[in-house]
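Here are a few exercises to work through with the structure open beside you. Try each task before reading its solution.

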Amino acid sequence: MDNITLKGKLIINGKIELLTGMHIGGTAETLKIGGADNPVIKDKNGNVFIPGSSLKGKIRSLMEISGYAKITYEKGKPGKPCECGECDVCLIFGPHSSNIKEPSRVIIRDGYLKANDMSEVYEKLEIKAENTIDRVSGTTIKGGIRNIERVVAGSEFNYEVVFNIYDKNKDKELIKKFIEGMKLLEDDYLGGSGSRGYGKVKFKELEATYKPKEYYEGEENLKETKSTDDLNQLTNDISELF
Ligand SMILES: [Zn+2]
């Protein structure tokens, strides 16, 4: 790409609703706080959130395995991220190599669990016991139960994505592809234990705001789309914003 001057920013705001319980594991830091063997990730104040890096990594990997990147994956070979620096995935998320100088377009914010206070946060957490089944007898192995903390189904998280726009027509196409990645995520899972039914999510109440470069200089008004739960509608509305 010749011109990498910022033309504006497109910001998508909305919510992520959990249709099933979700577990994104915490670090050793948060282990002390939770009662479960496997607590969900929380910040130092105990607020539950979906790290932007988790969302970004998940959508990126789904797009890579679905043919949006230049890399191909083979059975038995390590499934590394694309490093080409020129495919749609590398242009959206940035290349996985420091040698390639291309700005990444997308910033995904940490998404906090929507709750009025801490007691409401606790109400939205549950401990689920997961068994390990003895393959021969078909019964639960003694001591094979793990207590996994989950955010309960029906909970909502804030969702915010920022796209840096460098080339209006090209970047509209990339945003369309990214929203396709969001659709792939809705039919996949976020966090751990997806094959056990965890982590089914739905994006909703999505609205996009376009802020041209002039906006930051105090000149031009914002352009916004109407709120929608329909990802195709969102793509169409964004295509008319700038
Ligand atoms: Zn690539």
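**Exercise 1. Find the protein donors of the zinc ion and work out their arrangement.**

Step 1. Look for the atoms around the metal: the protein donors of the zinc ion are Cys82 (SG), Cys84 (SG), Cys87 (SG) and Cys90 (SG), at 2.3 to 2.4 Å from it. Donors here are N, O and S atoms within 2.8 Å of the metal (3.2 Å for Na, K and Ca); water is not among the atoms, so sites may look incomplete.

Step 2. Now the angles. The four donor atoms subtend 102 to 114° around the zinc ion, which makes the arrangement tetrahedral; for four donors, that label needs all angles between 85 and 135 degrees.

Step 3. Along the chain, the donors follow the spacing C-x1-C-x2-C-x2-C.

Before going on, a word on the model. It is a predicted one, where local features need pLDDT of at least 70 and side-chain atom pairs count only at pLDDT 80 or more, while totals for chains, interfaces and linings use all residues. Residues are numbered from 1 along each chain as its sequence is written, and side-chain values use heavy atoms, with hydrogens and water left out.

**Exercise 2. Decide whether Cys82, Cys87 and Cys84 are buried or partly exposed, and count the disulfides.**

Step 1. Cys82 has 2% relative accessibility, so it's buried. Cys87, at 6%, is buried too. Cys84 has a relative accessible area of 26%, so that one is partly exposed.

Step 2. As for disulfides (pairs of cysteine sulfur atoms within 2.5 Å), the structure holds zero.

**Exercise 3. Describe helix α2 and say what its buried residues pack against.**

Step 1. Helices (H or I, at least four residues) and strands (E, at least two) are DSSP runs, numbered from the N terminus. Helix α2 covers residues 52–65, which is 14 residues.

Step 2. From first C-alpha to last, α2 reaches 20 Å, close to the 20 Å expected at 1.5 Å a residue. That expected span is 1.5 Å times one less than the number of residues.

Step 3. The buried residues of α2 include Leu55, Ile59, Leu62 and Met63. Their partners in packing include β1 (8–18), β7 (156–165) and α5 (168–186).

Step 4. Following α2 comes Gly67, with a positive phi near 90°.

**Exercise 4. Classify the ring pair of Phe93 and Phe178.**

Step 1. Rings of Phe, Tyr and Trp (its six-membered ring) pair if their centres lie within 6.5 Å; planes under 30 degrees apart are stacked, over 60 edge-to-face, and the rest tilted. The structure holds six aromatic pairs.

Step 2. Phe93 and Phe178 have ring centres 6.0 Å apart and planes at 50°, so this pair is tilted. It links distant parts of the chain, with Phe93 in helix α3 and Phe178 in helix α5, 85 residues apart.

Step 3. Phe93 is buried at 4%, and Phe178 is buried at 0%. Ring pairs join Phe93, Phe163 and Phe178 into a cluster.

Methods:
Buried < 20%, exposed > 50% of the residue type's maximum accessible area, 1.4 Å probe, protein only. Contact = heavy atoms within 4.5 Å. Tetrahedral: all angles 85-135°; square planar, octahedral: opposite > 155°, others 65-115°.
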